[in-house]
Amino acid sequence: MRRPFKAAAPTKDGPRSNRDIRVPRVQLIDAEGQNRGDVSINDALLLAEEAGLDLVEISPNAVPPVVKILDLGKLKYANQKKAAEARKNQKVIEIKEIKMRPNIDSHDYETKMKAVRRFFEEGDKVKLTLRFRGREMAHMELGMQLLNKVREEVAPIAKVEAEPKLEGRQMMMVLAPR
């Protein structure tokens, strides 16, 4: 029976080990960390088998390749733990959006600015969007004044990442924490 889409051969992740190492001679480091020098692959496999451990390729690009006798399961587990720790410590920066109108009232403005400061404390970027409606399009300078006022107010804690620009009926500016 003909299969139209043949599945790709499974790829192994991680270093080559034991019988996967296909070079005649290798630089061997034993289980205690002692350098045994240049030995044949068969001798290295025998030594690993006697120790009850695996022969793992540490540096495949060296001439001859460097292999070490160690427990492959423990190596994979340690690498997994290291990767999980790195993922746990990374911070994902989000872009929070604040929408305003050019003729915003002072109390509403203060409330929005409080939210902007909170976002900067959390380490997020802020995208300020100013929406113009109807006749407000004739007074773009009011929108620019408002965005400049915001910029001056948050200058000590944030920097402008994208200057104010007009796209259709919206004016946008992106700020990032310092």
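Strands here are DSSP runs of E with at least two residues, and helices are runs of H or I with at least four, numbered from the N terminus. With that naming in hand, let's walk through this predicted model.

Start with the overall layout. The protein chain holds 4 helices and 8 strands, and along the sequence they follow the pattern β-β-α-β-β-α-β-α-β-α-β-β. The chain is divided into domain 1, residues 18-77, and domain 2, residues 95-177. The C-alpha centres of these two domains lie 61 Å apart. Overall dimensions come next: the C-alpha atoms fill a box of roughly 85 × 50 × 25 Å along the principal axes. The radius of gyration is 31 Å, whereas a compact globule of 178 residues would have one near 16 Å. As for the surface, the chain exposes about 12,500 Å², with carbon and sulfur atoms supplying 51% of it. Of the 178 residues, 29% count as buried.

Asn 18 sits in the segment before strand E1, which spans residues 25-29. Its backbone deserves a look: Asn 18 has a positive phi of about 45° although it is not a glycine. Most residues other than glycine have a negative phi, and most peptide bonds are trans. Pro 64 belongs to the loop between strand E3 (54-59) and strand E4 (66-70).

Helix H2 covers residues 72-89, and Ala 78 is found in it. Ala 78 has a relative accessibility of 38%, so this residue counts as partly exposed.

What lies inside the fold? In soluble globular proteins, nonpolar side chains tend to be buried together. Here the largest nonpolar core has 21 residues, and Ile 98, Met 100 and Leu 128 have the most contacts inside it. Strand E5 (95-100), helix H3 (106-121), strand E6 (125-131), helix H4 (140-154) and strand E8 each supply at least two residues of this core. The largest share, 6 residues, comes from H3. Apart from this core lies another, of 11 residues, among them Val 26, Val 39, Ala 48 and Val 67.

Beyond four places in sequence, Met 100 touches several residues, including Tyr 109, Met 113, Leu 128, Thr 129, Leu 146 and Val 150. Thr 129 lies in strand E6, and this residue is buried because its relative accessible area is 3%, under the 20% cut-off. Leaving aside neighbours within four places, the contacts of Thr 129 are Glu 97, Ile 98, Lys 99, Met 100, Gln 170, Met 171 and Met 172.

Met 172 takes us to the last pair of strands. Strand E7 (158-167) and strand E8 (170-177) pair in the antiparallel sense over 7 bridges, with Lys 165 standing opposite Met 172. The two strands form a hairpin with 2 residues between them, and Gly 168 in the turn has a positive phi of about 65°. Finally, among contacts between residues at least 6 apart in sequence, 54% join residues at least 24 apart.

Conventions
Residues numbered from 1 in each chain as written. Predicted model: local features only at pLDDT ≥ 70, side-chain atom pairs only at ≥ 80, totals over all residues. Heavy atoms only, no water. Pairing = 2+ DSSP bridges. Domains from an automatic or database assignment. Core = buried A, V, L, I, M, F, W, Y, C linked by side-chain atoms within 4.5 Å. Buried < 20%, exposed > 50% of the residue type's maximum accessible area, 1.4 Å probe, protein only. Contact = heavy atoms within 4.5 Å. Rg over C-alpha atoms; globule rule 2.2 N^0.38 Å. Areas by Shrake-Rupley, 256 points an atom, 1.4 Å probe, with all protein chains shown as cover.
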